[in-house]
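Here are some friendly notes for a first look at this structure. Please keep the 3D view open while you read.

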Amino acid sequence: MTTKLPIYMDHNATTPVAPEVLAAMTPYFLTEFGNAASRNHAFGWAAESAVEKARGQVAALLGCKPIEVVFTSGATESDNLAIKGVAYAYRDRGRHLITTQIEHPAVLDSCKHLEKDGFEVTYLPADRRGIVNPDDVAQALTSKTILVSAMLANNEIGTIQPLAEIGRICKAKGVLFHSDAVQGVGKIPARVDELGVDLLSLTAHKFYGPKGVGALYVRMGNPRVRLIPQMDGGGHEKGRRSGTLNVPGIVGLGAACELAAGTMDAEATRLTALRDQLWAALSLRLTHIHLNGDRYQRLPGTLHVSFEFVNGEALLLSLKDIAVSAGSACSTGSTHPSHVLRALGVGEDLAHSSIRFSLGRGTTTEEVTYVVNRLVEEVTRLRSMASHAAAAH
Ligand code: PLP
């Protein structure tokens, strides 16, 4: 069987919309196009009932109440709303926040914004395996801490963070706990009570839903989380997020949640096997390569590898038939070494020679074999060019 090219191994950047998700969305572009806030006619009622169905589907995946789900334009907005919204609502109680050095820019830059506005933020390190130590959270808490924010799974290296332990520590101290769970939702269990989170950000396009739609889970009881909205307007989403609802997108998000709930376990087993096949074959056939992030405590489909003595950009350029990432696509066009790898203590040269492989629904064992063969070919070629160049000097 010939492998169809190019091969897509960048599912942490985004995923295709699943056919069943698109089918669920289509009527809401065409015939059921009403505004969910139009309360006095059938078009509005149909849109509203579709939005409420989707709210239930998101809540079912997260194990929360539908009313605790706020629809947004994606995780960047959810992270901003969670962090700034809590900070400004609780600023009289304290002005200290805790997060980690390996967060997505949507979290880090929301924190930087708050620092400019008189808040203090502690950025906790991750260990060499890319995992944050819950004891560090316990030690960093002060009487002024109002929020801890830690991601469920890292977008670059794929490591899964010990959220349940961090959640217990926060709960014991009465401090709110937010998680950017974007890379975990739909791939691994992310139930809000098991994780112990009070706020959780997710986005549809990372798990076969459309781009430009996401949600923020906001706990409504024990404790009831207060938020200052970050968008002023018509008071949609019970005043938590104004703006006409993206009905087709929200329907797609709901359908993606339902699809994930039904396929997650089998897909996680399948992707873990493919990921392990990829690493086993690469490490058998190439020397001087390093796996970044813990070997096991990682997302089923994510592998992040550094190739010593290879220029990462040259390698990516030579792999035109394979879509992988040099770091994360989220920091648009940046050529700086990843802040995540730096936080892990990976040297600059090695950080520049790293590739993230993120596997997904469409990935096959034939594709993995093809990718391994191409990498062995190109890494060997680039290394021999480099050693010839060194010999010529
Ligand atoms: N948080 C993480 C961990 C991500 O990987 C991404 C990816 O883009 C985001 C937040 C931003 O999500 P969105 O594209 O929905 O704004």
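Where is P223 found? P223 sits in the loop between β8 (214–218) and α9, where helices (H or I, at least four residues) and strands (E, at least two) are DSSP runs, numbered from the N terminus.

1. A word on the basis. This is a predicted model, in which local features need pLDDT of at least 70 and side-chain atom pairs count only at pLDDT 80 or more, while totals for chains, interfaces and linings use all residues. Residues are numbered from 1 along each chain as its sequence is written, and side-chain values use heavy atoms, with hydrogens and water left out.

2. Backbone details. The peptide bond joining N222 and P223 is cis, with omega about -5 degrees. The loop between β8 and α9 also holds K238, which is not a glycine and yet has a positive phi of about 55 degrees. Another cis peptide bond runs from L5 to P6, with omega near -5 degrees; P6 lies in the segment before β1 (7–8).

3. Two domains. The domain assignment, whose bounds come from an automatic or database source, gives domain 1 (7–15 + 264–392) and domain 2 (19–259). Their C-alpha centres are 29 Å apart. To the contact (heavy atoms within 4.5 Å), domain 1 gives 31 residues and domain 2 gives 37 residues.

4. The area between them. Domain 1 and domain 2 bury about 2800 Å², with 53% of it on carbon and sulfur atoms; buried area is the accessible area (1.4 Å probe) that two parts lose on being put together, summed over both. M264, L299 and R361 supply 24% of what domain 1 buries against domain 2, more than any other three residues.

5. R361 and E20 meet through their side chains in a salt bridge (3.3 Å, N to O). On the side of domain 1 that touches domain 2, α11 (339–344) is one of the elements that give two or more residues, and α11 has the largest share, five residues.

6. The ligand. Among the 14 residues around the ligand, A75, T76, D180, T203 and K206 come nearest; a residue counts as near if one of its heavy atoms lies within 4 Å. A polar side-chain atom of T203 is 2.7 Å from a ligand oxygen atom. For Q183 the corresponding distance to an oxygen atom of the ligand is 2.9 Å, and for K206 it is 2.9 Å.

Note on methods: Salt bridge = Lys/Arg side-chain N within 4 Å of Asp/Glu carboxyl O. Polar contact = N/O pair within 3.5 Å; in protein donor to acceptor, adjacent residues only side chain to side chain.
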